[in-house]
Amino acid sequence: MTRQVEAHHFCAHQNEEMRQCLIYDSPAADARLIGVEYLVSENLFMTLPDEEKPLWHSHEYEVKSGILFMPGIPGPIQRKDLEKVAKTYGKTYHFWQVDRGDALPLGLPQLMMSFTEDGQLHDHLAKDVQKRFGVNYEEEREKRAYMKGPDHGIHPKANGGGKGLKTVLRETDCGPAPGPHVHNTTVPRVFV
């Protein structure tokens, strides 16, 4: 939560259980593509292996707090779709670390999480977004109070399991492919 970026999602529905989104750093024509997010239903999330679940974050707080919104879409129409989003989980990778000032997408993709409680969003960022887009988080919070998150509550392994997660690169040895006709005895080095 030490790094926060404005993220504009452009999403397509794969089906009722899954959406996929391209993430840009602004809605402008010259916006930079900075990442991707996959959104899945609670039912689909529950089928994931336990070691996968910490890589996914819940959307209930983002939706109900008002900080997730659809610019230019009338509130009642937004809320109809956001009722569904509040029940989903997302897995987000950012490839371009624009908050560091990188001119290109450098380094490893970073797993990003979402806000899960009050006090996490930097106040200056919240004020700036509300001013530029003419939204009021508190008014939206009141209008979304009726919304519900996942039917079974937020899974305890979601949201990093309550811990920060970091993408790392390590070098590893990869032996020759197994089989009776292996003649190559060199061991390639691979980064994973």
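Ser58 stands opposite Tyr89 in strand S5. This is a predicted model, in which local features need pLDDT of at least 70 and side-chain atom pairs count only at pLDDT 80 or more, while totals for chains, interfaces and linings use all residues. Residues are numbered from 1 along each chain as its sequence is written, and side-chain values use heavy atoms, without hydrogens and water.

Strands (E, at least two residues) are DSSP runs, numbered from the N terminus. Two of them pair if DSSP finds at least two bridges between them.

| Pairing | Sense | Bridges | Opposite residues |
|---|---|---|---|
| S3 and S5 | antiparallel | six | Val36 and Tyr93 |
| S4 (residues 57-58) and S5 | antiparallel | two | Ser58 and Tyr89 |
| S5 and S6 (residues 110-112) | antiparallel | three | Thr92 and Met112 |

Five of the six residues of S5 (residues 89-94) are buried, so this strand is largely enclosed by the rest of the structure. Buried means under 20% relative accessible area, exposed over 50%, and partly exposed in between (1.4 Å probe, protein chains only).

The whole structure has one disulfide, a term for a pair of cysteine sulfur atoms within 2.5 Å. Cys11 is joined to Cys21, with 2.0 Å from S to S. The link is right-handed, with 105 degrees about the S-S bond. Because Cys11 lies in strand S1 (residues 8-15) and Cys21 in strand S2 (residues 18-24), the pair ties together parts ten residues apart in sequence. Cys11 is partly exposed at 42% relative accessibility, whereas Cys21 is buried at 3%.

Conventions
Helices (H or I, at least four residues) and strands (E, at least two) are DSSP runs, numbered from the N terminus.
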